[in-house]
Amino acid sequence: MVTTAEVEPSQYDRITELKAFDEMKAGVKGLLDTGVTKLPRIFVNEQSLPLDQLVIFSEDDQAAGIPVIDLDGATNDPAKRKEIVKEILDACGSWGFFQIINHGIPQSMLDEIRDGVRKFHEQPTAAKKAYYTREYAGKKFIYNSNFYLFEGPVTNWRDTISAIMAPNPANPEDLPEVCRDIIVEYSKEVIRLGHLLFELFSEAMGLSPNHLTDMDCEEEMMLLGHYYPPCPEPEKAIGINNHKDNDFLTILLQDHIGGLQVLHDGKWAEVPYVPGALVINTGDLLQLISNDKFLSVVHRVQSKKVGPRISVAGFFRPVFDNPRLFRPMKEILSEDNPAIYKECTNKEYLKAYFQTGQDGTPALDRFKL
Ligand code: OGA
Ligand code: NI
């Protein structure tokens, strides 16, 4: 919990301003609709790395950038599947990110889920308010702005909806009507694809295809629908601040606005928008159990003058209080590859993640042996 003691005396009364923003229950979109033309000071980001550290890989130079992996053949051509597994292993060992094409989710469904998320956020505040909360316990669908509004170091120029879609999915009537059917349909596809990816990750570690599934890595699927409104002073703001994902695996759909950046060799690299593709990244828990074979990498989303930018992220992980202990898997350890991390439950790991804050400091370091 944040107390006012953490606020420097010279600072403005940040907590009071954050509370006022939260109590509006209208998010950044609602604030923008009131006609703000300057960035309200709670959103000023002091964490930015200079822009000259941004590396953009052109389309001709894709090979040097974040890999794009073609999943065609993954389920019916054993030789291709082997190649794909190798590509995933290489991508996750260096970038922690890759994009996939031919993943089997039709373009129309990608368009519809982005549209559904946009429609939710663009409803009148009165229609969204009922869903606005910071109380997650027992809730299957929520809407708010900034998960870490009071805990995080930076207020993000972004609003988010989240729906728990596995193992006990939200009832359709718990979901807002404007995006209900597409959340249900898209989630089924994300869960199917997630399962395939966990099979490929298992094989990449030399294990049987169901190994990671049997370890509950894909037990829960939470779908996030982010809305990044156009920003009046984007150079001072951030859409999502530097962080690593606190799950096993994330499947992300972005749009043509762009702005997602990954820290690679000390530089920010943009994840280019590839129409029809999905962005995959490894979370902290996969890094832990793979003993650093798969890396969980710092990323962020820059704010833009144009927008809104919509993204939809499927987070795979065990349910919060799953009692299973996660540790570097004995099957991949050896004398040359001794365990780097100690064991922990999902809950213990998440506690460390939230304590460390959303500032890019690796929560995993707390579990190093
Ligand atoms: C996330 C995330 C990126 C995006 O939800 O953790 O990094 O493009 N999202 O919205
Ligand atoms: Ni993320």
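## Polar contacts to ligand 1

In this predicted model, a polar side-chain atom of His299 lies 3.0 Å from an oxygen atom of ligand 1. For His226 the distance is 2.7 Å. For Asp245 it is 3.1 Å. A polar contact here is a pair of N or O atoms within 3.5 Å.

Taken alone, ligand 1 exposes 290 Å². The protein buries 96% of that. Such areas come from the Shrake-Rupley method with a 1.4 Å probe.

## The shell around ligand 1

Which elements give two or more residues to the shell? They are β6 (220-228), β7 (238-243), β12 (299-302) and β13 (309-317). The largest share, 3 residues, comes from β13. Strands are DSSP runs of E, at least two residues; helices are runs of H or I, at least four.

Residues count as near the ligand if a heavy atom lies within 4 Å of it. Among them are Tyr228, Ile240, Arg309 and Phe315. The shell divides into 6 nonpolar, 4 polar and 2 charged residues. Tyr counts as nonpolar, Arg as charged, and Gly as polar.

## One side of helix α9

Helix α9 spans residues 346-356. Its buried residues (under 20% relative accessible area, 1.4 Å probe, protein chains only) are Asn346, Tyr349, Leu350, Ala352, Tyr353 and Thr356. They cover an arc of only 160 degrees around the axis, so they sit on the same side of α9. The arc uses directions from the helix axis to the C-beta atoms.

What covers these residues includes β7 and α8 (284-289). Contact means heavy atoms within 4.5 Å.

## Notes on the model

Residues are numbered from 1 along each chain, chains are lettered from A, and ligands are numbered from 1, in written order. Local features need pLDDT of at least 70, side-chain atom pairs count only at pLDDT 80 or more, totals for chains, interfaces and linings use all residues, and side-chain values use heavy atoms, without hydrogens and water.

Note on methods: Polar contact = N/O pair within 3.5 Å; in protein donor to acceptor, adjacent residues only side chain to side chain. Buried < 20%, exposed > 50% of the residue type's maximum accessible area, 1.4 Å probe, protein only.
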